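Hi,

Here is the structure I promised to pass on.

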Amino acid sequence: MALLPIIVAPDPRLKVKAKPVTQVDGRIRKLLDDMVETMHAAPGIGLAAPQIGEALRMLVIDIAKDGEPSDPRKFINPEIVWASDEQMLWEEGCLSLPEQFAEVERPKEVKVRYLDETGAKKEIQATGLLAICLQHEMDHLDGVLFVDHISALRRNMILRKLVKSQKQKSEKPRKSEKAPQADKPKAAVPA
Ligand code: ZN
């Protein structure tokens with residue numbers, strides 16, 4: 001397995017609509033394994049393929065809490081087939097927007113159809129954190145970031161901060177720092 005570099009916003013590769021996976025083969029399974037390893041190392045609770053520069057419709061999620069055994073889940077070509085009217089507000093973070101958080105409102109419950117890593121058709125009914133995480137990661141497949149759900153003012157503030165911190169990083173490299181969490185809602189971890 002290998003750790004993959006995670007793309008940080010603003011980057012055009014995060015705004016692309018990803019293509020469906022046409023064949024679930026060894027390359028796809030290896031990529032999913034690498035994505036799980038990368039997500040765990042970040043650490044984060046979710047990672048979508050476009051975040052590692054692969055414009056493919058697939059994502060990984062692990063919402064196991066600290067101290068619990070890891071529970072990675074892999075989703076290929078996921079589609080929301082039903083969403084609850086009831087909404088839920090959650091403070092989200094993202095591995096591609098390190099150390100940035102904002103409250104986003106989404107359906108509290110969703111039903112998602114997808115392929116597993118053997119290519120078998122599956123369906124999952126998710127609620128709470130898993131539902132939020134699935135919707136956040138699926139947004140990445142359509143080039144949408146959690147900041148696209150908040151006001152333009154707030155979004156631009158966050159993106160400007162990121163540009164500034166990326167610039168600082170490239171100016172003075174080698175500052176040992178703990179990897180920021182992402183792709184997980186703050187309360188738990190970023191996604
Ligand atoms: Zn994200």
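This is a predicted model: local features need pLDDT of at least 70, side-chain atom pairs count only at pLDDT 80 or more; totals for chains, interfaces and linings use all residues.

Let's start with a helix on a sheet: α1 lies across β1, β2 and β3, and runs at about 40 degrees to β2. (Axes are lines fitted to C-alpha atoms, for helices over the stretch in contact, and angles run from 0 to 180 degrees between N-to-C directions. Helices, H or I with at least four residues, and strands, E with at least two, are DSSP runs numbered from the N terminus.)

Residue numbers start from 1 along each chain as its sequence is written.

Back to α1, residues 26–41. Its 16 residues should span 22 Å at 1.5 Å a residue, and the end C-alpha atoms are 22 Å apart, so the two agree (the expected span is 1.5 Å times one less than the number of residues). Ile-28, Leu-31, Leu-32, Met-35, Thr-38 and Met-39 are buried in this helix. They sit on the same side of α1, because they cover an arc of only 125 degrees around the axis, taken from the directions from the helix axis to the C-beta atoms. Gly-26, Lys-30 and Ala-41, on the other side, are exposed. Buried here is 20 or more other C-beta atoms within 10 Å of the residue's own, exposed is 12 or fewer, and partly exposed is in between, with C-beta atoms placed from the backbone. The cover over the buried residues of α1 includes β1 (46–48), β2 (58–61) and β3 (73–83); contact is C-beta atoms, placed from the backbone, within 7 Å.

Now the sheet itself. It is open, with five strands in the order β1-β2-β3-β6-β7 and antiparallel pairing (a pair needs at least two DSSP bridges). β1 and β7 (121–127) are the edge strands, each pairing on one side only. From one strand to the next, the twist averages 40 degrees.

β2 is worth a look. Three bridges link it to β1, with Gly-46 partnering Ile-61, and four join it to β3, where Leu-59 stands opposite Phe-75. Met-58 and Val-60 point one way from β2, Leu-59 and Ile-61 the other way, and all are buried. In general, side chains in a regular strand alternate between the two faces of the sheet.

At the other end, β6 (109–115) and β7 share seven bridges, and Arg-113 has Glu-123 as its bridge partner. Separately, β4 (87–94) and β5 (97–107) run antiparallel with seven bridges, joined by a hairpin through two residues.

Leu-145 counts as buried because it has 23 C-beta neighbours inside 10 Å. Its C-alpha atom is 8.2 Å from that of Lys-15, 130 residues away along the chain.

Cheers

Technical notes: Two residues are in contact if their C-beta atoms, placed from the backbone, lie within 7 Å.
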